[in-house]
Amino acid sequence: MFIPSEFDEQRCQEIETIISQFPLATVVANGKEGLVANHLPLSLDRKLDFAAKNDCFGRFIGHISRRNNMHRNLVNGQDVLVIFRSEDSYISPNWYPTKAEHHRHVPTWNYQAVHFHGTIQFSEDLKFLRRIVGTLTKYFESRNQGDKAWKMADAPNDFMSQKLAGIVGFEIEVYRCLAKSKLGQNKEKADFENVRREMVNHDKVFLARSMSAIDESDDD
């Protein structure tokens, strides 16, 4: 991923916030049938450790349908690229107050993206599958349903056994992270602040939050 220095995201908390709020990842690999990409919700199974710039260690877990050839096209230990993206928005030159002064602006796009490099390991072990499904269910249900969260125990045992038989679990051991926050940090302060207001006006709440976080970190 091309990352100009002004957009290089090194804040661990911001990276973790992006993957927490936008957990549907794109997992890309070069397998037996060439490049493949799958869109899968992932959960952190081991907290990320940012050892040094771009050096990152941690583990994601997830599962796929047994009908998905991903587990047949890739071998255990194969390199994969995991991509998370947050909210994004088109940015009009009309949103820059300084446009009226010199007209030296063009349209652009604001976004955040995180790339994790890692190795994938598949497993069909029933205990492993139950742990993965249980972890993902607890995480996403508690976030979305609170006290009314659905539990695996709510479904009949034979039904859950049938569902578990139809999936393959995996874990991805991470060894590298590249993150980019392209949020207009290179613009004049008046332009930056007005675009942030436009994000609120256009219901781009997470982008507005991310821009505020950038502004606050600059003031530290």
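Start at the hairpin: select β1 and β2, which form it with two residues between them. Strands and helices here are DSSP runs, numbered from the N terminus (E, at least two residues, for strands; H or I, at least four, for helices).

This is a predicted model, in which local features need pLDDT of at least 70, side-chain atom pairs count only at pLDDT 80 or more, and totals for chains, interfaces and linings use all residues. Residues are numbered from 1 along each chain as its sequence is written, and side-chain values use heavy atoms, with hydrogens and water left out.

**Stop 1: the strands**

Colour residues 24–31 for β1 and residues 34–41 for β2. The two strands run antiparallel, and eight bridges join them. Two strands pair if DSSP finds at least two bridges between them. Pick Asn30 and look across to β2: its bridge partner there is Leu35.

Which residue of β5 is the bridge partner of Val27? Select Val82 to see the partner.

**Stop 2: Asn38**

Stay in strand β2 and select Asn38. Its relative accessibility is 15%, so Asn38 counts as buried. The cut-offs are under 20% relative accessible area for buried, over 50% for exposed, and partly exposed in between (1.4 Å probe, protein chains only).

Show the side chain of Asn68 too. A polar contact of 2.9 Å joins the side chains of Asn38 and Asn68. A polar contact is a pair of N or O atoms within 3.5 Å; within protein, one must be able to donate a hydrogen and the other to accept it, and residues adjacent in sequence count only if both atoms are side-chain atoms.

Leaving out residues up to four places away in sequence, Asn38 touches Ala25, Thr26, Val27, Asn68 and Met70. Contact means heavy atoms within 4.5 Å.

**Stop 3: the cores**

Next, select Leu42, Val82, Phe84 and Phe116. These residues have the most contacts inside the largest nonpolar core, which has 29 residues. Elements giving two or more residues to this core include α1 (12–21), β4 (55–65) and β7 (108–123). The largest share, six residues, comes from β8. A nonpolar core is a set of buried Ala, Val, Leu, Ile, Met, Phe, Trp, Tyr and Cys residues joined through side-chain atoms within 4.5 Å.

Zoom in on Val82. Not counting residues up to four places away in sequence, Val82 touches Ala25, Thr26, Val27, Leu42, Val114, His115, Phe116 and Ile172. Then look for a second, separate core of 11 residues, which includes Ile91, Trp95, Tyr96 and Leu183.

**Stop 4: the rings**

How many aromatic pairs does the structure hold? There are seven. Rings of Phe, Tyr and Trp (its six-membered ring) pair if their centres lie within 6.5 Å; planes under 30 degrees apart count as stacked, over 60 as edge-to-face and the rest as tilted.

Select Phe122 and Phe170. Their ring centres are 6.3 Å apart and their planes are at 70°, so this pair is edge-to-face. Phe122 is in strand β7 and Phe170 in strand β8, and the pair links distant parts of the chain, 48 residues apart. Phe122 is buried, at 12% relative accessible area. Phe170 is buried as well, at 0%.

Move to Tyr139 and Phe140. This aromatic pair is edge-to-face too, at 4.9 Å centre to centre and 65° between the planes. Is Tyr139 buried or partly exposed? At 27% relative accessibility, Tyr139 is partly exposed. Phe140 is buried, at 18%.

Select Phe60, Phe84 and Phe116 together: they form one aromatic cluster.

**Stop 5: Ser20**

Go to helix α1 and pick Ser20. Ser20 is partly exposed, at 22% relative accessibility. Apart from neighbours within four places in sequence, Ser20 is in contact with Tyr139 and Arg143. The side chains of Ser20 and Tyr139 are joined by a polar contact of 3.2 Å.

**Stop 6: two loop residues**

Find Asn54 in the loop between β3 (43–52) and β4. Its phi is near 70°, a positive value in a residue other than glycine. Asn54 is partly exposed, at 21% relative accessibility.

Finish at Asp203, in the loop between α6 (189–201) and α7 (205–219). Here phi is near 60°, again positive in a residue other than glycine. Asp203 is exposed, at 61% relative accessibility.
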